[in-house]
Amino acid sequence: MRTVNSLVPRWRTAATRLAVVIVIIQALGLRAGWSQEPVQPRINEEFLEQEKIYRSRGADGRRVYTTDRGLSRYGELLPSGFCDALGRLGSSERWLDIGAGQGEAILDYYLPEDAAAERCRGSGPRARAVAISIEDRRTDDWKQQAARLGDDRIRYLSGKRLGQYSPEELGKFQLITDVYGGFTYTEDLSRFVDKVLKLLEDGGSFYTLATGVHLEDGKDKLGTLYLTELEDAFGREVKVCSWLKKISCVQVTCESKSERERPTQLIKIQKVCSDTSVPRTKLVEFEAGYPPARCFQLEP
Ligand SMILES: C[S@@+](CC[C@H](N)C(=O)[O-])C[C@H]1O[C@@H](n2cnc3c(N)ncnc32)[C@H](O)[C@@H]1O
């Protein structure tokens with residue numbers, strides 16, 4: 001039986017050495033097993049596997065598709081300024097959580113008395129909050145809380161990916177978060193980031209993390225299995241933060257966490273003016289999983 005991410009993806013173990021291997025293989029007149037398969041059909045199969053994961057409930061015996069991280073966990077996982085930024089929001093301002101799962105972080109944010117949540121959100125007024133998830137994971141708790149608060153203070157949108165919403169459907173936000181959501185799962189990274197930036201008000205910030213990536217400070221552990229890789233047109237490694245720092249009209253701050261299970265980059269992107277433009281990426285490899293393994297090539 002296939003277990004998600006149980007194997008090291010064929011391409012991920014040596015993505016940076018791939019070009020060299022191909023040259024050697026071609027020189028020897030051999031063809032690598034997986035390269036005989038055309039890439040697109042294989043990727044399409046992986047997309048189907050990924051859809052099954054979104055619909056899954058529970059674990060596969062090895063890993064869990066976690067959908068219930070609360071606000072204090074968000075505070076631990078996201079860049080250091082996140083809790084302060086959340087606490088500063090006024091009651092008419094808006095927070096979007098992309099890939100919200102059960103929406104536990106938003107539920108905690110609205111809990112009347114919760115010491116752990118208070119450490120992150122402060123004790124001031126609460127902003128309006130919107131949760132987005134591909135699959136509907138609303139719990140009874142969510143439904144009761146939404147009914148109690150009324151006035152659309154908290155909204156849960158599902159059935160589509162972020163990129164499929166029109167600007168009118170979502171409106172604009174002062175704060176956007178993504179904890180192992182669309183940023184980690186999307187098949188079109190540049191389009192995803194572009195959409196996030198379009199949804200941010202000028203001066204607003206996006207807080208997220210990227211796990212299993214080449215770290216900005218270069219302190220990745222030896223033997224790391226990468227989950228998200230970027231390369232230029234010549235197959236040379238590009239760090240996720242170097243790519244993000246090429247976006248116009250934003251200020252990008254990256255914190256490297258090499259001590260986590262996988263090298264993790266904490267990312268804050270602040271939009272400083274409206275004319276944002278994200279350098280395009282093209283998906284070249286994808287292996288379903290939670291999270292999936294992906295390789296993107298930067299378009300020249
Ligand atoms: C592993 S769960 C994380 C849930 C939550 N953030 C947490 O930490 O518990 C991944 C979530 O991301 C959502 N997701 C993945 N890709 C998405 C996309 N492109 N647009 C919107 N949601 C997405 C999934 O539907 C799911 O709700």
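Okay, for the contacts I'll show, a polar contact is a pair of N or O atoms within 3.5 Å; inside the protein, one has to be able to donate a hydrogen and the other to accept it, and sequence neighbours count only if both atoms are side-chain atoms. This is a predicted model, so local features need pLDDT of at least 70 and side-chain atom pairs pLDDT 80 or more, while totals for chains, interfaces and linings use all residues. Residues are numbered from 1 along each chain as its sequence is written, and side-chain values use heavy atoms, without hydrogens or water.

Let's start with the ligand. A backbone N or O atom of Gly101 lies 3.2 Å from a ligand oxygen. For Ile134, a backbone N or O atom is 2.8 Å from an oxygen of the ligand. Leu162 has a backbone N or O atom 3.0 Å from a ligand nitrogen. Taken alone, the ligand exposes 600 Å², and the protein buries 98% of that (Shrake-Rupley areas, 1.4 Å probe).

Who's in the shell? There are 20 residues around the ligand, the closest being Arg69, Gly99, Ser133, Ile134 and Glu135; near here means a heavy atom within 4 Å. The shell splits into nine nonpolar, seven polar and four charged residues, with Ala, Val, Leu, Ile, Met, Phe, Trp, Tyr, Cys and Pro as nonpolar, Asp, Glu, Lys and Arg as charged, and the others, Gly among them, as polar. β2 (128-133) and α9 (182-185) each give the shell at least two residues; helices (H or I, at least four residues) and strands (E, at least two) are DSSP runs numbered from the N terminus.

Next, aromatics. The structure has 12 aromatic pairs, meaning Phe, Tyr or Trp rings (six-membered ring for Trp) with centres within 6.5 Å; planes under 30 degrees apart are stacked, over 60 edge-to-face, the rest tilted. Tyr54 and Tyr185 make a tilted one, at 5.9 Å and 50 degrees. Tyr54 is in α2 (residues 39-55) and Tyr185 in α9, 131 residues apart.

Tyr180, in the loop between β4 (173-178) and α9, has a positive phi of about 50 degrees without being a glycine. The Tyr290 to Pro291 peptide bond is cis, omega near -5 degrees.
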